[in-house]
Amino acid sequence: MTSMRFEPTRGLSGELRAPPDKSISHRAALLGAMAPEPVRIEHYLQAADTLATLGAVRALGALVEVRGEEVLVRGTGLREAREPAEPIDVGNAGTLLRMLPGWLAAQEGRSFTLDGDRSIRQRPVDRIAAPLRQMGAEVHARDGRFAPLTVRGARLRAISCELPVASAQVKSCVLLAALAADGATTVGEPARSRDHTERMLLRAGAGIHRNGRHVTVVNADELALERVSVPGDASSAAFMVVAGVLVPGSRLLISDVGVNWTRTGFLRILRRMRGIVLGDLEDESGELAEDEPVSDLDVAHGALEGTVVEPEEVPLAIDELPLVALLGCHAEGETLVRGAQELRVKESDRIAGVVEGLRGLGADIEATDDGFAVRGTGGVRGGRIDARGDHRMAMMGAVAGLASREGVEVVGIESAAVSYPSFVADLAGLC
């Protein structure tokens with residue numbers, strides 16, 4: 001499959017469920033491998049990135065059984081990961097590349113090399129290398145910034161570090177290393193990022209607490225997780241939500257979506273744009289909770305207004321910002337996104353891809369150094385968009401086609417994640 005065409009439609013209707021959450025699936029497999037007793041993971045996402053995580057923990061000595069949507073992981077414990085003879089293949093999984101070294105850094109005297117595909121070799125890892133070195137691990141990266149990445153474990157010391165950019169992946173890497181460090185490690189961020197790791201660690205019995213934008217973890221002997229149920233992925237659900245909001249006459253019910261406050265930044269932006277999305281979203285709280293809240297989302301078509309997305313909102317909506325651009329094409333007035341330079345180092349340069357792609361469909365959009373500006377023109381004409389092998393770009397193109405005047409052909413999807421065909425099938429069932 002290298003291209004698909006999506007024709008304009010009306011009246012999407014029905015109930016559907018988003019695929020299991022990718023971020024939580026990654027973390028459940030990693031923490032399962034770090035636990036000494038079996039961990040049962042329900043509704044584990046079966047996708048290329050998350051399967052790469054299962055392959056990685058197998059290479060490190062964990063036993064993994066896949067039973068349909070359920071995965072059972074029998075881990076090695078915090079400090080007993082096996083040193084593999086070959087490099088660990090992370091594929092195109094940036095979450096795995098940036099989080100796993102935190103655990104590996106605590107494996108005293110053992111060396112591990114992580115590598116992946118051509119795309120992953122272009123994604124920087126210097127932001128995880130710096131704090132791990134500060135904790136005492138040896139970390140070597142190609143040109144100081146890129147995979148292959150080699151980590152030699154050591155006896156780690158606790159640190160206090162301030163991340164220059166809010167990043168759940170970098171924060172999680174340091175928190176995993178902190179479990180085996182001497183003392184208490186504190187990580188601060190300039191803004192809140194996803195907190196799935198913190199919640200799962202709390203549930204596993206780790207000594208962890210949050211104070212504003214700082215998280216502290218103390219040394220642990222072991223983790224006790226037992227069972228994780230993975231909710232529907234809020235980022236994947238966002239594409240279904242936008243289809244319901246943009247296609248005239250639509251009404252959709254999306255069931256069992258994870259509505260953790262750190263994952264619903266996009267839904268808050270959409271509501272500010274007057275989008276009709278009903279659901280029991282989690283409120284912001286200073287307290288760290290161990291559970292992942294879940295809600296159904298009731299979505300309907302309606303008129304939209306432009307908005308400004310400020311830098312402090314970006315970390316909690318980073319994966320959905322291309323959809324904000326598409327919404328801006330249909331909204332009245334201007335929509336501006338600031339502080340989103342992180343989009344340039346995703347699976348593709350999503351700022352360039354979004355601007356070039358939507359402009360090719362007739363949108364009035366321009367790139368800025370750290371985002372983009374869109375002027376609403378009542379929607380997009382249609383045409384051809386290159387997904388650049390990025391599944392989120394491909395799904396944006398599909399939604400754009402359904403809401404366009406002339407239809408959209410999506411090309412460049414040969415290496416897009418396996419979630420794309422299932423997403424297309426879900427859309428087809430609603431038309």
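Is Cys173 buried or exposed? Cys173 counts as buried because its relative accessibility is 0% (buried means under 20% relative accessible area, exposed over 50%, and partly exposed in between, with a 1.4 Å probe and protein chains only). The model is predicted, so local features need pLDDT of at least 70 and side-chain atom pairs count only at pLDDT 80 or more, while totals for chains, interfaces and linings use all residues. Residues are numbered from 1 along each chain as its sequence is written, and side-chain values use heavy atoms, with hydrogens and water left out.

The cysteines were examined next. A search of the whole structure finds zero disulfides (a disulfide is a pair of cysteine sulfur atoms within 2.5 Å). Cys173 is in no disulfide. Its nearest cysteine sulfur belongs to Cys161 and lies 9.8 Å away. Cys329 also counts as buried, at 1% relative accessibility.

An open sheet is formed by four strands in the order E4-E5-E3-E14. Strands, like helices, are DSSP runs numbered from the N terminus (strands: E, at least two residues; helices: H or I, at least four). Two strands pair if DSSP finds at least two bridges between them. The pairing in this sheet is mixed. Strand E4 (63-67) and strand E14 (227-229) are the edge strands, and each pairs on one side only. The twist averages 15 degrees from one strand to the next. Axes are lines fitted to C-alpha atoms, for helices over the stretch in contact, and angles run from 0 to 180 degrees between N-to-C directions.

Strand E3 (residues 39-42) pairs with E14 in the parallel sense over three bridges. Here Glu42 stands opposite Ser229 in E14. Helix H2 (residues 48-59) lies across E4 and strand E5 (70-74). The helix runs at about 145 degrees to E4.

A hairpin is formed by E20 and E21, with two residues between them. Strand E20 (residues 364-368) and strand E21 (residues 371-375) pair in the antiparallel sense over five bridges. Glu366 has Ala373 in E21 as its bridge partner.

Asn260 sits in the loop between strand E15 (251-258) and helix H8 (265-272). At 1% relative accessibility, Asn260 counts as buried. Its side chain makes a polar contact with the side chain of Glu292 (3.1 Å). A polar contact is a pair of N or O atoms within 3.5 Å; within protein, one must be able to donate a hydrogen and the other to accept it, and residues adjacent in sequence count only if both atoms are side-chain atoms. Leaving aside neighbours within four places in sequence, Asn260 is in contact (heavy atoms within 4.5 Å) with Asp195, His196, Arg199, Glu282, Glu292 and Pro293.
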